[in-house]
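Let's take a friendly walk through a protein model together. Have the sequence and the 3D view ready, and follow along as we go.

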Amino acid sequence: MLYDPARHEPLSNLAWDETRARETIERIVHDTHARFSADHGWPLHPRDAEAGDQSPATPLYHGACGVIWALDYLRRCGACSLHGDYTPHIAALRERNMRWLTSFESDAMAPSYLMGETGFALLEHALRPSPAVAERLAQLIDSNLDNPTRELMWGAPGTMLAALFLHRENAEPRWATLFRRTARQLRSQLEWSERYECHYWTQDMYGTRSSYLDAVHGFVATALPLIAGRDLLDDDEWLAWEATIARTVRASATFEEGRVNWRVWLYAEPRMPMLMQFCHGAPGFVICLAGMPGNALDDLLIAAGETTWEAGPLRKGSNLCHGTAGNGYAFLKLHGRTGEARWLERARAFAMHAIAQMEQEERRVGRQRYSLWTGDPGLAIYLWDCIRGSAAFPTLDVFLHDSLNARSKGACAR
């Protein structure tokens, strides 16, 4: 089966309500601002705790760095009225995160985009740019070229995305050079599968070697910055990447009666269940591949969207990485790609369900979930994109003053 129905729940019969969506954004923002502590950042949600840890890491993915970015982004977009300055606290939060990273045996984890120092440096650049911060970013991106993880969260694809954001901001040649160097390094590390007749990467991560396909650790997560930055590559380079991406995506797809999903790994164990969420499964494939030029993958993307809709909201909650809002972004991406109103309607239906999920979880725990990728600030951004009818997935499509597709309708600017 393409997904496990037990991981999903029936869609709420709630009509789209823009006023409620706006009020939820404001409530999330104001509650988040009120809960900040200069000493500890934000309270750790039980679902984000590992092994009883009450002193969380603070990275872009699920910590204070991402929350600060989200609040600033919502302010810049005009989605909320709150103006708070967290810049004086970033250095201490970064040091706290670096202490957490020392628990890993490998120094290769430190430059990570979503979990390490690159995310913090990019946040500093967004809030208070300086030559010193830019130089540090260049060093971090360069030092991550040989990272054996070969995926977006920890590895070179993530820091390649940071280089692309920086180049889109000011067109400085060194960022384009770092982007191209990373792309060529990744090209040299591709492996060929005789069994599936496609390319893939091996990720050496968390003490194991894997062949992830997904939108965080896997093949399509790396495809996203390559697609978005294809204009920085030579024509022949991009044509080779385009063929490689299309071939692997199609070769690894599983079809059932006009629907489609992807397994977690290229070399998955027999009968390994497939997931239907951003980080593993069809929604993430749609989100990462929606900017692919041409129509070679259109049938797959549409089928993936239909499968995501058929599966329904996720029981895990409202968040981006493995929740209802993340899946809803697939509909927003398809709305942007096809112009069809049904995809926006579906995104907004998931938005209303996600609001109800957030409120239920808040009542259960006694507070909101203060995290970008796994919590309520990420939901607030999704609600804003549902209101404006456009998709800019936070920290993948947008980070600095605009989204990577800056000419798209509805993109926000400082």
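Which residues does F399 touch, not counting residues up to four places away in sequence? Keep in mind as you look that this is a predicted model. If you click on F399, you will find that its partners are L60, W69, R76, Y113, G119, L122, L123, A126 and F165.

The largest one has 139 residues. F399 is among the residues with the most contacts inside this core, together with W69, L289, W373 and Y382. Helix α2, which spans residues 64–77, supplies the largest share of the core, with ten residues.

Now let's move on to helix α8, residues 219–228. This helix is mostly covered, with nine of its ten residues buried.

Next come the cysteines. A disulfide is a covalent bond between the sulfur atoms of two cysteines. How many disulfides does the structure hold? The count is zero. Take C80 as an example: the nearest cysteine sulfur belongs to C77 and is 9.1 Å away. C80 counts as buried because its relative accessible area is 10%, and buried means under 20%. C321 is in no disulfide either, with the sulfur of C279 as its nearest cysteine sulfur, 3.8 Å away.

Let's finish with the backbone, where two residues deserve a look. R150 has a phi near 50°, a positive value in a residue other than glycine. You will find R150 in the loop between α5 (131–143) and α6 (156–170). Is R150 buried or exposed? With a relative accessible area of 18%, R150 is buried. E197 also has a positive phi without being glycine, near 55°. E197 is partly exposed, because its relative accessible area is 47%.

Notes. Residues numbered from 1 in each chain as written. Predicted model: local features only at pLDDT ≥ 70, side-chain atom pairs only at ≥ 80, totals over all residues. Heavy atoms only, no water. Helix = DSSP H or I, 4+ residues; strand = E, 2+ residues; numbered from the N terminus. Buried < 20%, exposed > 50% of the residue type's maximum accessible area, 1.4 Å probe, protein only. Core = buried A, V, L, I, M, F, W, Y, C linked by side-chain atoms within 4.5 Å. Contact = heavy atoms within 4.5 Å. Disulfide = S-S within 2.5 Å.
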